[in-house]
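Try each task before you read its solution.

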Amino acid sequence: MAKVILKGIRKSYGPIEVLSGIDLTIENGDFAVILGPSGCGKTTLLRTIAGLETANAGSIQIGERIVDDIPAARRQIGMVFQTYALFPHLNVYQNISFGMRMRNEPKDQIEQRVQEAAVKLKLEDYLKRLPRELSGGQRQRVAIGRALVREPEVFLFDEPLSNLDAELRVDMRLELSALHQQLKATMIYVTHDQVEAMTLGTKIIVLDKGVLQQVGTPLEVYYHPANKFVAGFVGSPRMRFIPGEVVSNADNKLQVRAQGILSGDIAFDLEGSDLSEGDFVDIGVRAEDIECGQATNGMVSFSGISRQVENMGHSSFWYGTIKDTEIEIIARLGKQTQVKSGAQMEFSIDPRNLYLFDSDGRAILRNVDKNTELAEHVALPS
Ligand SMILES: Nc1ncnc2c1ncn2[C@@H]1O[C@H](COP(=O)(O)OP(=O)(O)OP(=O)(O)O)[C@@H](O)[C@H]1O
Ligand SMILES: [Mg+2]
């Protein structure tokens, strides 16, 4: 297994630059998830690592080797595509062993590797079946099996679960995670599904318009997004933003006046910031941090005008606007919430849970003990 280092990778199709200088190190054994909206360059980046596309500039290292001049077939990579790309007339055994047979590898070695892969992927009972006789999840496992028997240095997955139904996706997600732990392999996994990214990744790489936005652990990108794009993209439902204006900045305390907030100016403790009176900012709010009911002392409060509520079973999502504004808010409420459209609701938020961004969308660091804050959020019952 190997680490992967990208240096200054650029890729254009004609005049359009799709990857704008990607610098990235993926450590040995990482499960690195590349996350970003449709068209941001995820597949292009993966195909460039695999050697299926040639970068216009930059360099790629896999393990100890610079692979820029090494063709795809010799890059020691196992790739799993969104469309499983199985041969319909070959059975599972033949599909999994196809590459090995093409390379004329010894028969007993083929037999051994296919059997090992079949056990890992729970395909032992299906080796004689044709792809059309399999479920979507089983087909996907065959595609993974084909990558597995190559014993690659790095696995590349391009949205491997997107053709599966919701339940199977969850199953396969858990299986992939288990497979990663078992193989301890370096995996690079592309998705635009941020639940997959949060649950699978040891590292999340957020990409937008061919530019890296942030690289970090799932909790880092969730709780400490580098900018408004990452904040708005990671998390479900997405973070909402309340526009505000700096009233004063002194002694590491920033006072912000925000539209529709009833509890007065919001005080942010900062590690020092060059923001000054009159600067525009955005205050980020996550649905799960909003509480329903009259605010207690020290809480930031606002009234909301309801539009609709989605009951999800385990919780419900309230959609509406801050009263007398057009600012859209989503709040996660209790299990059963019945609210009429147009009804007024009272909400509050602990100001420590608010996020702050400058007018260029850059996150402004809060003067809170990040470790304690994170620990609070992720504390497990002991
Ligand atoms: N062969 C090509 N020729 C021209 N443009 C291309 C080519 N392949 C991709 N593109 C463009 O490059 C951009 C990035 O494409 P890419 O497939 O990498 O996106 P993606 O992030 O994988 O999106 P999705 O989530 O929809 O799969 C897109 O705007 C796409 O139209
Ligand atoms: Mg793609």
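**Exercise 1: a residue in a strand**

I26 is buried, with a relative accessible area of 1%, where buried means under 20%, exposed over 50% and partly exposed in between (1.4 Å probe, protein chains only). The model is predicted: local features need pLDDT of at least 70, side-chain atom pairs count only at pLDDT 80 or more, and totals for chains, interfaces and linings use all residues. Residues are numbered from 1 along each chain as its sequence is written, chains are lettered from A and ligands numbered from 1 in the order in which they are written, and side-chain values use heavy atoms, with hydrogens and water left out.

Task: find which residues I26 touches, not counting residues up to four places away in sequence.

Solution. Start with the strand: I26 belongs to β2 (residues 16–26); strands (E, at least two residues) and helices (H or I, at least four) are DSSP runs, numbered from the N terminus. Next, list the contacts (heavy atoms within 4.5 Å): K3, V4, A32, T186, I188, K203 and I205.

**Exercise 2: a covered helix**

Task: decide how many of the nine residues of helix α1 are buried.

Solution. Take residues 42–50; seven of the nine are buried. They are K42, T44, L45, L46, T48, I49 and A50. Then step just past α1, where G51 has a positive phi of about 90 degrees.

**Exercise 3: a glutamine side chain**

Task: state whether Q214 is buried or exposed.

Solution. Locate Q214 in strand β10 (residues 211–216). Its relative accessible area is 12%, so Q214 is buried. Finally, check its surroundings: beyond four places in sequence, its contacts include I204, V221 and V230.
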